Amino acid sequence: SHELFFYAIFALGILLPKRWWLGIMAGWLAAILAFWATGAVASPELEVIVSSRNLGFFLGGMVGWLVVYRRTYAPVPLLGGGVALMLAALALNPMLQNDSKPHRLAFAVAAALIVYGATTLEMARPLKIPKPLLRLGDASYSLYLIHVGALSLTYSALHQVRSTLPALVQISLATMVAVAAGWLVYRFVEKPLLTFFRSRGPKG
């Protein structure tokens, strides 16, 4: 539901005048923070809009703005801090069972720092990216679309066989399955479709 909501937000961004956007986004952020601060309980429909999960959307948007306008601030320390925060959050909440607001914020901030630090580091010091990582980047949208189902099926299978593997091993295994599934969808579905539609597009 949150993914669909974000798509709707982007669609509005295309359709609505830009001058409206600052007010809309500021009002939305204020509503999220107000529900967080007061602990108010929203209806299921309203929860999608005011959920603290949406703070990750704002952090991602902020990172995008900083990168587009080439605002670089201490990429190495921020990248290191993001990795450290992510590892700490995973250590404290290894199976992601605690869905409290502080944990949501910790993961969102860690992800934003990692993306910003890595992106701005590459901007400052062009890197030679290994081809497997480039291919993984090509498959990122397919991975995004398929990862929830792949993770769910993997955890369900581990539960069915009553796995006693440590939590971090289970997370690692599920992550590898999700990445493999995403690449397969890209290789055999997304890439052929892109090739097909590009060949049907305007010539020249």
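A contact here means heavy atoms within 4.5 Å. With that in hand I went through this predicted model, starting from the overall fold.

**Entry 1: contacts and fold**

Residues 24 or more positions apart account for 70% of them. Next I looked up the secondary structure and found nine helices and zero strands. Read from the N terminus, the order is α-α-α-α-α-α-α-α-α. For the extent I took the C-alpha trace, which spans about 60 × 45 × 40 Å along its principal axes.

**Entry 2: surface and charge**

What share of the 204 residues is buried? I get 22%. The accessible surface comes to about 13,900 Å², and carbon and sulfur atoms hold 72% of that. Then I turned to the charges: there are 17 positive and 7 negative ones, and their mean positions sit 11 Å apart.

**Entry 3: salt bridge**

How many salt bridges does the structure hold? I found one. Arg135 and Asp138 make it, with 3.9 Å between the closest N and O atoms. The cut-off is 4 Å, so at 3.9 Å the pair counts. Both residues belong to helix α7, which covers residues 131-138. They are three residues apart in it, about one turn of the helix.

Asp138 has a relative accessible area of 39%, so I log Asp138 as partly exposed. Arg135 comes out at 42%, which also makes Arg135 partly exposed.

**Entry 4: aromatic pairs**

My search of the whole structure for aromatic pairs turned up six. I wrote down two of them in detail.

One of these is Phe57 with Phe58. Their ring centres are 5.9 Å apart and the planes meet at 85 degrees, so I call this pair edge-to-face. Buried or exposed, I wondered, for Phe57 and Phe58? Both are buried. Along with Trp28, Phe57 and Phe58 form one aromatic cluster.

Another is Phe196 with Phe197. Here the centres lie 5.2 Å apart and the planes are at 75 degrees, so this pair is edge-to-face as well. On the accessibility side, Phe196 is partly exposed, with a relative accessible area of 38%. Phe197 has 55% relative accessibility and counts as exposed, because the cut-off for that is over 50%.

**Entry 5: Leu16**

Where does Leu16 sit? I find Leu16 in the loop between α1 (2-15) and α2 (21-38). Its relative accessible area is 23%, which puts Leu16 in the partly exposed class. Leaving out residues up to four places away in sequence, I see Leu16 touching Trp21 and Ile24.

I then noted two non-glycine residues with a positive value.

For Arg70 the phi is near 55 degrees. Arg70 lies in the loop between α4 (55-68) and α5 (75-92). With 56% relative accessibility, Arg70 counts as exposed.

For Ala74 the phi is positive too, at about 45 degrees. I looked up where Ala74 falls, and it is in the loop between α4 and α5. Ala74 is partly exposed, with a relative accessible area of 43%.

**Entry 6: Pro192**

Which helix holds Pro192? I traced Pro192 to helix α9, residues 167-200. At 38% relative accessibility I count Pro192 as partly exposed. For its contacts I again skipped residues up to four places away in sequence, which leaves Pro192 touching Tyr186 and Arg187. I also took a distance to Thr154, 38 residues from Pro192 along the chain: the two C-alpha atoms are separated by 27 Å.

Terms used. Residues are numbered from 1 along each chain as its sequence is written. This is a predicted model: local features need pLDDT of at least 70, side-chain atom pairs count only at pLDDT 80 or more; totals for chains, interfaces and linings use all residues. Side-chain values use heavy atoms; hydrogens and water are left out. Helices (H or I, at least four residues) and strands (E, at least two) are DSSP runs, numbered from the N terminus. Buried means under 20% relative accessible area, exposed over 50%, partly exposed in between (1.4 Å probe, protein chains only). Accessible areas come from the Shrake-Rupley method with a 1.4 Å probe; for residues, only the protein chains shown count as cover. Lys and Arg count as positive and Asp and Glu as negative; His and the chain ends are not counted. The place of a charge is taken as NZ of Lys, CZ of Arg, CG of Asp or CD of Glu. A salt bridge is a side-chain nitrogen of Lys or Arg within 4 Å of a carboxyl oxygen of Asp or Glu. Rings of Phe, Tyr and Trp (its six-membered ring) pair if their centres lie within 6.5 Å; planes under 30 degrees apart count as stacked, over 60 as edge-to-face and the rest as tilted.
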